[in-house]
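Trainee: Could we go through this model together, one question at a time?
Mentor: Gladly, let's take a look.

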Amino acid sequence: MSRVTPQIRELAERLIAFEAKDNEAARRMHPAVFHVCERLRPHLATLMGQGGFRAVLARALAVASAEIPWLAALQVKDDGSLEGWEKPEAPVKPKDLAESGAVLVAHLLGLLVAFIGDNLTLHLVRDVWPKLSLENLNSTKGDHP
Amino acid sequence: MKKPKPAARTKPLQKVASQPGKVIIRRMPTGVSGLDEILGGGIPEFSFNIIAGTPGCGKTTLAHQILFANATVKKPALYFTVLGEPAMKMLRYQQQYSFFDASKLNSAIRFINLAEVVMDQDLDAVFKEIARQVAKVGPSFVVVDSFRTVVRKAMTTGSELEMQTFVQRLAQFLTGWEATSFLVGEYVIDEVRDNPVFTVADGLIWLSQVAERNSVVRKLQVMKLRGQASVPGLHTIRISNHGLQAFSRTLGLGVKKALPGRRRRLSVGIPELDKMLGGGVLEGDSLLIAGPSGTGKSALATQFIAEGLRNGEPGIIAVFEERPNGYTERAAAFGLDLKTPQEKGNLEILYLRPLDLSVDETMQELLEAITRVGAKRLAIDSLVGFEMALAPDFRADFRESLYRMIGALTGAGITILSTVEVEDTFTAMPFSHYAISFLTDDIIRLRYVEIDGQLRKVLVVVKMRGGNHSKDIREYVITDKGVVVIHPRQTDFARLTTGLPEHVGREAEPAPEPKATK
């Protein structure tokens with residue numbers, strides 16, 4: 001059962017869009033989803049250790065891969081970073097890359113919501129992206145966040 | 001520069017002379033109801049403390065409660081998690097408690113996972129990482145949870161001396177940085193002796209849970225607390241949605257004593273019984289109503305409270321067997337309105353029936369209710385139900401605890417009526433199977449007697465500490481007015497206390513209630 005609600009999905013899309021805009025130069029090397037995960041990594045590793053973060057990201061990747069098969073080419077390294085962007089079996093269009101990234105981030109956030117709840121997840125996101133607007137996230141239907 | 005006046009110059013010297021440089025240790029509240037009293041005022045500032053005990057007895061919850069009660073953005077806290085419960089799991093579970101305040105996370109309270117440092121490196125690296133974080137944040141509070149895992153790792157790879165050095169360095173460093181710190185760890189009681197961690201600590205709070213039959217009782221002991229007088233012994237704790245709550249074993253001994261003076265006699269709501277009591281029960285007395293089932297003990301308790309309410313004396317009824325609604329409805333059947341005073345806040349009916357209560361918890365509930373309504377009268381219905389509501393572990397100390405509780409409450413001027421069920425044996429007349437008459441100032445015994453083919457009821461005032469009382473054995477009935485002592489004063493029977501009296505009068509007396517006919 002997917003934990004991703006419309007709000008979580010919207011939040012994931014905002015994070016991807018924010019990183020894409022905020023990090024344009026770096027995005028040429030890696031897609032925005034990589035930067036979202038990298039920004040989250042130290043914060044979550046502080047809370048759950050690198051091993052804990054690695055496990056949660058690997059789980060999110062596994063679930064997301066069921067929806068977006070090419071994501072299965074990605075791997076979570078020992079330090080919790082994502083690798084494998086360079087060699088997908090078929091080329092991925094930039095639009096699809098953003099879409100896939102949002103799916104992965106949404107599953108990662110969905111797991112966080114399941115573990116620590118909406119409030120703390122949003123609290124964490126606010127800490128990592130203080131400039132990100134979280135307004136109107138609750139306007140869409142659904143229970144979370 | 002203006003020369004200071006002589007008086008101004010000498011004042012500090014006088015101050016020094018009268019206060020010989022004694023440091024004033026500030027005490028921080030724990031945020032745990034009842035615990036500050038047990039600790040002797042709270043946690044000493046800059047102290048190095050250990051919260052120890054077996055798994056599941058509330059160590060982490062206690063540490064969190066202390067932090068959430070004290071940590072602010074200006075006085076932040078660092079919470080290092082090691083190999084026990086990762087911070088993520090802690091946050092998952094601890095947010096269920098009402099004291100948890102999500103807005104304090106990452107601002108007032110920061111969680112840092114030390115697991116990898118402990119697993120991959122040595123004690124020196126652990127110390128350096130803690131020191132680095134402390135120097136970076138400048139916390140007023142530091143928790144290492146679980147410290148036991150740090151120790152275990154150290155003992156497998158290093159020497160005991162290395163361990164002792166590490167603890168010593170850590171204690172010195174944290175105190176030097178003006179942090180009040182807590183090491184949380186799973187220990188068994190045998191480990192306390194000769195353990196360097198416990199030797200270095202300023203405070204040692206020991207939590208435990210004792211299982212007896214189907215009940216589990218949690219207890220807390222302040223085994224060590226430098227510089228202040230904590231309350232010795234084992235204190236009950238309970239973990240609810242609000243976190244830990246502690247009940248000092250000396251709870252109630254600090255209850256404000258009533259002013260000495262001539263005590264009034266209070267009506268129990270039954271005029272004839274008041275006469276038998278020499279004008280009523282003395283204010284601040286403990287009155288025991290003993291009798292078998294169905295003899296009207298609860299009715300008498302209700303009348304006692306209702307009479308107090310009529311006279312402007314708020315009351316508390318602690319029930320253990322019957323639900324408050326049932327109690328109120330039964331009182332209404334006697335023409336006694338308990339509903340209105342409850343609505344007005346002059347009466348509370350407390351229903352206390354979890355099966356693992358301690359007397360201290362009950363007392364806490366009663367004291368709070370007494371304060372809330374300003375109660376002058378208390379009915380405990382019944383002591384048997386009270387004992388049944390206690391965890392088996394506490395039943396052994398029931399009499400001692402009851403003695404303490406009744407002594408504290410009556411000392412504060414509360415008049416207590418307790419009921420106790422006793423069996424009628426028809427060969428003797430026991431007052432109760434508890435041998436608790438020493439707890440009470442006054443005893444009224446109710447019992448059944450067989451008279452003329454009817455099971456009738458009699459009562460007698462057995463004991464009144466505060467004065468003379470009637471020695472008569474009087475017959476009574478329970479009517480729609482409650483307990484009514486009937487006329488005439490019965491003297492035509494002998495051996496009433498056996499339950500099988502002999503009619504010694506010349507004429508047969510009419511039955512107080514109609515006999516069954518075909």
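Trainee: How many helices and strands are there in chain A?
Mentor: This is a predicted model, in which local features need pLDDT of at least 70, side-chain atom pairs count only at pLDDT 80 or more, and totals for chains, interfaces and linings use all residues. Residues are numbered from 1 along each chain as its sequence is written, while chains are lettered from A and ligands numbered from 1 in the order in which they are written. Helices (H or I, at least four residues) and strands (E, at least two) are DSSP runs, numbered from the N terminus. From the N terminus on, chain A reads α-α-α-β-β-α, and that gives four helices and two strands.

Trainee: Where does α3(A) bend?
Mentor: Let's begin with its span. With 36 residues, a straight helix would span 52 Å at 1.5 Å a residue (the expected span is 1.5 Å times one less than the number of residues), yet α3 (residues 32-67) of chain A spans only 19 Å between its end C-alpha atoms. The bend at a residue is the angle between axes fitted to the seven residues ending there and the seven starting there. For α3(A), a bend of about 115° is found at A:M48.

Trainee: Which element gives the largest share of the side of chain B that touches chain A?
Mentor: Two residues are in contact if their C-beta atoms, placed from the backbone, lie within 7 Å. By that rule, 14 residues of chain B are in contact with 14 residues of chain A. The elements of chain B giving two or more residues to this side are α4 (87-94), β5 (109-113) and α5 (115-120). The largest share, four residues, comes from α4(B).

Trainee: Are α6(B) and α8(B) roughly parallel or roughly antiparallel?
Mentor: Axes are lines fitted to C-alpha atoms, for helices over the stretch in contact, and angles run from 0 to 180 degrees between N-to-C directions. Helix α6 (residues 123-137) and helix α8 (residues 160-176) of chain B pack at about 5°, with their axes 10 Å apart. Angles under 35 degrees count as roughly parallel, over 145 as roughly antiparallel, 65 to 115 as roughly perpendicular and the rest as oblique. Therefore α6(B) and α8(B) are roughly parallel.
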